[in-house]
Every structure is written in C-alpha cells, then in structure tokens.
Amino acid sequence: MSGPVRLYMSMSLDGYIAGPDDRAGQELGRGGGRLFNWLDDRESEGPNGQVFREAMGTGAVISGRRTFELAGRWQGDHHGGVPVLVLTHHVDDGDVPPGCARFVTDVHECVREARAAAGDRAVLVHGAGAAQSLLRAGLLDEMEIHLVQVLLGEGRRLFDHLDGQRTELELLRRIDGRDVVHLRYRVHRPGEAA
C-alpha cells in the first residue's frame, strides 16, 4: 500500500502562506517568516519536533515550480535525497534541475511517480500552486496545516484558485504546539460522503 499524498503548509489564521511581495531575496514575503517560528522547536522532543520529523520522514516531494524557484531549488535536495518532482506548466530547453529534482508537466504523472518513489511513506506536497492543482484533480489525500496564531492581513493565500470547487475535509488529528496548532485533515473526493 502506498502512503498518502499530503500537503504540509504553515498558514496564518486568515489563510496566508506568505506575506506580501514574496520574491527572490524575500522568499516568505514581508512578515511571512512569522509563519515558521514554530520550526525553532524542530529539534525538540515536543509536538513541533514530532511534526517536523514526520515531514522529514516522507519518501518523495511534490513542489510547485514557484516554490521550488523561491527556495533556490533546494540545491537539488529537499531532504535526505528523496525525489523532488516539480509540477510546472512549461520546461525550457536545457533547464535541468539539480540533484534529485526533476520537472513534470502532468499532474497525474507527477503523483504516480511520487507515490512509486515514496513506497509506503507519505509524499510531501509544498506550495500553493501544487496544492491547488492536486485538489482540483482529486489527487490530494491529506492536508497537514500548521495553523499559526496570526493574521497576516495580506500576501499569498493557500486556497485562492480552486475554481469554486467545494471540498469536504475530515479532521484526523490535532496537535497543539508552541505558537501553532497542527491540523491533519483527510480530503474527501468530489462526490464522496464526508
């Protein structure tokens, strides 16, 4: 059995995953770094450390192209040499990503390859664009939202482009950490009873 395709995303209470003006040199936007204060505890034995270790134990990564580029292409390795599949609309001739990363233009192919590479481990999904593409295609199994107790007020939203699609969620777990609540949801497929 394969592990779930699971979005891992830090988000403000008002739905932002980055502050305004996110770009190279200011990758998290103005004030967006606040969403990641909980990672100061990533080496702890507490709840934030547990959630971080789970994310790092995934067997493959699916990233949106924008996230991949803003992260400096992770120098080709997100964590531990697992495959990084970058979902993109277009690949320029000669643009070869470094290390264990590669570009994929079809969302179904991307998920198939990630699942095969991850085996029974989860596939980690990064980026709003990738999350929205997987949701629209009915390919996202779970969401791990690291809900941070702040209202950013503006920036990049996680769920802006879902084409009016309603998605039912089932809360699987809630873990309270310092400065964050980790919420894991099962994503119900369109037409599936919640």
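Reader: Where in the chain do Arg178 and Asp41 lie?

Author: Arg178 is in the loop between strand 9 and strand 10, and Asp41 is in the loop between strand 2 and helix 1, so the pair ties together parts that are 137 residues apart in sequence. Helices (H or I, at least four residues) and strands (E, at least two) are DSSP runs, numbered from the N terminus.

Reader: What should I know about the model and its numbering?

Author: It is a predicted model, where local features need pLDDT of at least 70 and side-chain atom pairs count only at pLDDT 80 or more, while totals for chains, interfaces and linings use all residues. Residues are numbered from 1 along each chain as its sequence is written, and side-chain values use heavy atoms, with hydrogens and water left out.

Reader: OK, back to Arg178. Is it buried, exposed or partly exposed?

Author: Arg178 is partly exposed, at a relative accessible area of 44%. Buried means under 20% relative accessible area, exposed means over 50%, and partly exposed is in between (1.4 Å probe, protein chains only).

Reader: How many salt bridges are there in the whole structure?

Author: A search of the whole structure turns up 21 salt bridges. One of them joins Arg66 to Asp22, with the closest N and O atoms 2.7 Å apart. Arg66 sits in helix 2 and Asp22 in the loop between strand 2 (16-18) and helix 1 (47-56), so that pair ties together parts 44 residues apart in sequence. Arg66 counts as partly exposed at 38% relative accessibility, whereas Asp22 counts as buried at 11%.

Reader: And what does Arg34 pair with?

Author: Arg34 forms a salt bridge with Asp179, and their closest N and O atoms are 2.8 Å apart. This pair links distant parts of the chain, 145 residues apart: Arg34 is in the loop between strand 2 and helix 1, and Asp179 is in the loop between strand 9 (169-177) and strand 10 (180-187). Arg34 is partly exposed, with 25% relative accessibility.

Reader: Which residues are linked in a network of salt bridges?

Author: Glu54, Glu144, Arg173 and Arg184 are.

Reader: Why is the pair of Phe68 and Phe103 edge-to-face?

Author: The planes of Phe68 and Phe103 are at 85 degrees, with the ring centres 6.0 Å apart, so the pair is edge-to-face. Phe68 is in helix 2 (residues 65-70) and Phe103 in strand 5 (residues 101-104), 35 residues apart. Phe68, Trp74 and Phe103 form one aromatic cluster. Phe68 and Trp74 are buried, and Phe103 is buried too.

Reader: Last one: how many residues of helix 4 are buried?

Author: Seven of the 10 residues in helix 4 (residues 128-137) are buried, so it is mostly covered. The buried residues include Ala128, Gln132 and Leu135. Just after helix 4, Gly138 has a positive phi of about 70 degrees.

Note on methods
Phe/Tyr/Trp six-rings, centres within 6.5 Å; stacked < 30°, edge-to-face > 60°. Salt bridge = Lys/Arg side-chain N within 4 Å of Asp/Glu carboxyl O.
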